[in-house]
Structures are given as C-alpha cells and as structure tokens.
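Reader: I'm new to reading protein structures. Could you walk me through one?

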Amino acid sequence: MAELIALSPAHGLTPVSVGGVTLTEAPQAPIWAILPLRAQTAAVGTALQAAHGLPFPAPGSFHDAGPARIAWSGLDQAFLIGTAPAQTLAAHAALIDQSDAWAHLCLDGADSRDVLARLVPIDLSPAACPKGSARRTLLGHMSCLILHPGGAAFEILVFRSMAHSAVHELTRAMTAVAARRARDGHSVP
C-alpha cells in the first residue's frame, strides 16, 4: 500500500542564500481566512480580541499575540495564522481553512528590500512599509501577501502552486542584487 507524505509547498527548494540574503520556508502553520459578515467587522474584532488577544487588522497591517498572527489580506478579510479560529467567530464571519493553499516564505538580509524591489510594483521602503505592514501585491506575475515583521525581514505568502516560481524568481533577484553589489565594490557577506 502506498504511504502518503505531506510535503511543504517549498520542500527541497529552500533554504537559498545569496549575497547575504537568505530565503527560507516558514514552518507550516494553520492559515484561516476570516471574512466578516455584513456589518459584523466590529463584532469580529471583539470576538478575536476575546478569543485570541488580537484585533481585526486595519488595512495594510498585521498583529501578533504569542503564536497567533492576524494579517489584513484584502478588502474586509484577514488571515489568522498559527492557530485555528475560536468557534465564537463563526457567528460573525465566514471562516475558511486556507492552510494547504499557501506557501509561506521568509526573506531576510540587508539587501532584502532591494531584492523585492526587482519583483514588486509597490514601495517597500521603511517609510512606506514599516514594521507591522501587510501588503497585497504582485511578486513578478504572482499574487502575494507580503508581511514586514521588522528589520530586514519580509514574509511572502504565495499560492501553493506558485511556490516553485516564487523561489525561482526570488533567487534570480537575489543573484542580481549580489552581482550588482560585487560589481560596484560593495562588500557582500
């Protein structure tokens, strides 16, 4: 009888380190879409706070509370990452398990913003994308959600089917940034 093995979306593709920037895959964790019912956003926020110690995120932001994180993921929706939602939320929101739908990548290093600048059409400068930011955008041709937990670190969520393409594109951008640094005489760790 065949044995089924659950592999992570980026299994065997990461880690990748080029020029002081490292791309890894985040540990697999539950990801739940929370979509408040009409006129229920405040009630969802109250239920989230009571059950998980998290507010419903404002557009473009995310919050952490222990192992749980809530990230804005689009108009009137958020992703609860790291835990399943309390059932009390079901009275106020649609709750959809998205755990197997996303690849969760981590990009870190001094040149991580430069790497992302080659692939995303939005400003990720510190002024435009401070710690705690969540940005829904494109990574090359792929839809993604970018979280900025602080420093030089960024987390990138892409559809699971795009994991290979995302790692490939990020690796190419990492290589190009490192080559430019080397060409210009900047030290590359």
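Reader: Let me start with a helix. What covers the buried residues of α1?

Author: Keep in mind that this is a predicted model. The cover over the buried residues of α1 includes β3 (31–36), β4 (62–65), β5 (68–74), β6 and β7 (93–97).

Reader: Okay, and which residues of α1 are buried?

Author: Here is the general idea for helices. An α-helix has 3.6 residues a turn, so residues three or four places apart point the same way. In α1, the buried ones are V44, G45, A47, L48 and H52.

Reader: How do I check the length of α1 against what it should span?

Author: Count 1.5 Å a residue: the 12 residues of α1 (residues 41–52) should span 16 Å, and the end C-alpha atoms are 16 Å apart, which agrees. After α1 comes G53, with a positive phi near 70°.

Reader: You mentioned β3 as part of the cover. Is β3 enclosed or open?

Author: Look at burial, where the cut-off is under 20% relative accessible area. In β3, 5 of the 6 residues are buried, so the strand is largely enclosed by the rest of the structure.

Reader: Which way do β3 and β6 run, and how many bridges join them?

Author: They run antiparallel, joined by 4 bridges. For one example, I34 has A78 as its bridge partner in β6. On to β7: β3 is joined to it by 5 bridges, again running antiparallel. There, L35 has A94 as its bridge partner.

Reader: Next, nonpolar cores. Which residues have the most contacts inside the largest one?

Author: They are L107, L116, L139, I156 and L170, in a core of 29 residues. To see where a core comes from, ask which elements supply it. Here β1, β2 (21–25), β8 (102–108), α2 (112–117), β10 (142–150), β11 (153–159) and α3 (163–183) each supply at least two residues. The most comes from α3, with 8 residues.

Apart from this core lies another, of 13 residues, among them I34, V44, L48 and L54.

Reader: What does I156 touch, leaving out residues up to four places away in sequence?

Author: Quite a list: A103, H104, L105, L107, L116, L139, C144, L145, I146 and L170.

Reader: H104 is on that list. Is H104 buried or exposed?

Author: H104 is buried, because its relative accessible area is 12%. This residue lies in strand β8. A polar contact of 2.7 Å links its side chain to that of E155. Beyond four places in sequence, H104 touches T24, E25, A26, E155, I156 and L157.

Reader: E25 is in there too. Which residue has a side chain in polar contact with that of E25?

Author: That's S8, at 2.7 Å. S8 sits in the segment before β1 and counts as buried, with 18% relative accessibility. Setting aside neighbours within four places, S8 is in contact with E25, Q28 and R160.

Reader: How about an exposed residue? Where is S17, and what does S17 touch?

Author: You'll find S17 in strand β1 (residues 16–18). At 55% relative accessibility, S17 counts as exposed. Not counting residues up to four places away, S17 touches T22 and M174. The side chains of S17 and T22 make a polar contact of 3.0 Å.

Reader: Last topic: aromatic rings. How many aromatic pairs are there in the whole structure?

Author: A search finds 2. Here's how to read them. A pair of aromatic rings is described by the distance of the centres and the angle of the planes. F79 and W102 are 5.3 Å centre to centre with 65° between the planes, an edge-to-face pair.

Reader: Why does that pair tie together parts apart in sequence?

Author: Because F79 lies in strand β6 (residues 77–81) and W102 in strand β8, so the parts joined are 23 residues apart in sequence. F79 counts as buried at 3% relative accessibility, and W102 is buried too, at 5%. Together with F159, F79 and W102 form one aromatic cluster.

Technical notes: Residues numbered from 1 in each chain as written. Predicted model: local features only at pLDDT ≥ 70, side-chain atom pairs only at ≥ 80, totals over all residues. Heavy atoms only, no water. Buried < 20%, exposed > 50% of the residue type's maximum accessible area, 1.4 Å probe, protein only. Contact = heavy atoms within 4.5 Å. Polar contact = N/O pair within 3.5 Å; in protein donor to acceptor, adjacent residues only side chain to side chain. Core = buried A, V, L, I, M, F, W, Y, C linked by side-chain atoms within 4.5 Å. Phe/Tyr/Trp six-rings, centres within 6.5 Å; stacked < 30°, edge-to-face > 60°. Expected span 1.5 Å × (residues − 1). Pairing = 2+ DSSP bridges.
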